[in-house]
Amino acid sequence: MDSVAEGLRADIRVVIEGLAANTEGLERVETRLDGVEVRLDRIEVRLDRVEVQLDGMKTEFGGLKAMIQPFITRGDA
């Protein structure tokens, strides 16, 4: 009976060591994913700024088009 119990203890130790190794690996992956998330948040902020700039350019080009449209129409007539 003692040898069976000792064998079980050894098996349990192996399982615990495996779980500890998996936990460490998952923690490293989680840390890396946190870094990726931070970088993606920064990219999102930059893309929002680009969108705002493009909207501004669209407005400016619309104004320019309105200014030159009379000249284009007169030239075609």
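**Fold and surface of the predicted model**

Reply: In this predicted model, the secondary structure of the chain amounts to one helix and zero strands. The radius of gyration is 33 Å, well over the 11 Å that the globule rule gives for 77 residues, so the chain is more spread out than a compact globule.

Me: What does the C-alpha trace of the chain span along its principal axes?

Reply: The chain is more spread out than a compact globule, its radius of gyration being 33 Å. Along the principal axes, the C-alpha trace spans about 105 × 20 × 10 Å.

Me: How far apart in space are Pro-70 and Gly-35, C-alpha to C-alpha?

Reply: Pro-70 is located in helix 1 and is partly exposed, with a relative accessible area of 38%. In sequence, Pro-70 and Gly-35 are 35 residues apart; in space, their C-alpha to C-alpha separation is 54 Å.

Me: What percentage of the 77 residues of the chain count as buried?

Reply: A residue counts as buried when its relative accessible area is under 20%. The chain exposes about 7,300 Å², of which carbon and sulfur atoms supply 62%. Of the 77 residues, the share that count as buried is 1%.

Me: Is Met-67 buried or exposed?

Reply: Met-67 has its place in helix 1, which covers residues 2–76. Met-67 belongs to a nonpolar patch on the surface, together with Val-50, Leu-54, Met-57, Phe-61, Leu-64, Ile-68, Phe-71 and Ile-72. The accessible area of these patch residues together is about 900 Å². Because the relative accessible area of Met-67 is 57%, and over 50% is the cut-off, Met-67 is exposed.

Me: Which residue forms a salt bridge with Glu-6?

Reply: The structure holds one salt bridge. Its closest N and O atoms are 3.5 Å apart, and a salt bridge requires a separation within 4 Å. Both residues lie in helix 1, three residues apart, about one turn of the helix. The partner of Glu-6 is Arg-9.

Me: What is the relative accessible area of Arg-9?

Reply: Glu-6 counts as partly exposed, at 39% relative accessibility. Arg-9 is also partly exposed, a class that lies between the cut-offs of 20% and 50%. For Arg-9 the relative accessible area is 46%.

Me: How far apart are the mean positions of the positive and negative charges of the chain?

Reply: The chain has 11 positive and 16 negative charges.

Conventions
Residues are numbered from 1 along each chain as its sequence is written. This is a predicted model: local features need pLDDT of at least 70, side-chain atom pairs count only at pLDDT 80 or more; totals for chains, interfaces and linings use all residues. Side-chain values use heavy atoms; hydrogens and water are left out. Patches are made of residues with over 30% relative accessible area and no salt bridge: like charges are joined within 9 Å, nonpolar side chains (Val, Leu, Ile, Met, Phe, Trp, Tyr) within 5 Å. Accessible areas come from the Shrake-Rupley method with a 1.4 Å probe; for residues, only the protein chains shown count as cover. A salt bridge is a side-chain nitrogen of Lys or Arg within 4 Å of a carboxyl oxygen of Asp or Glu. Helices (H or I, at least four residues) and strands (E, at least two) are DSSP runs, numbered from the N terminus. Buried means under 20% relative accessible area, exposed over 50%, partly exposed in between (1.4 Å probe, protein chains only). The radius of gyration is taken over C-alpha atoms; the globule rule is 2.2 Å times the number of residues to the power 0.38. Lys and Arg count as positive and Asp and Glu as negative; His and the chain ends are not counted. The place of a charge is taken as NZ of Lys, CZ of Arg, CG of Asp or CD of Glu.
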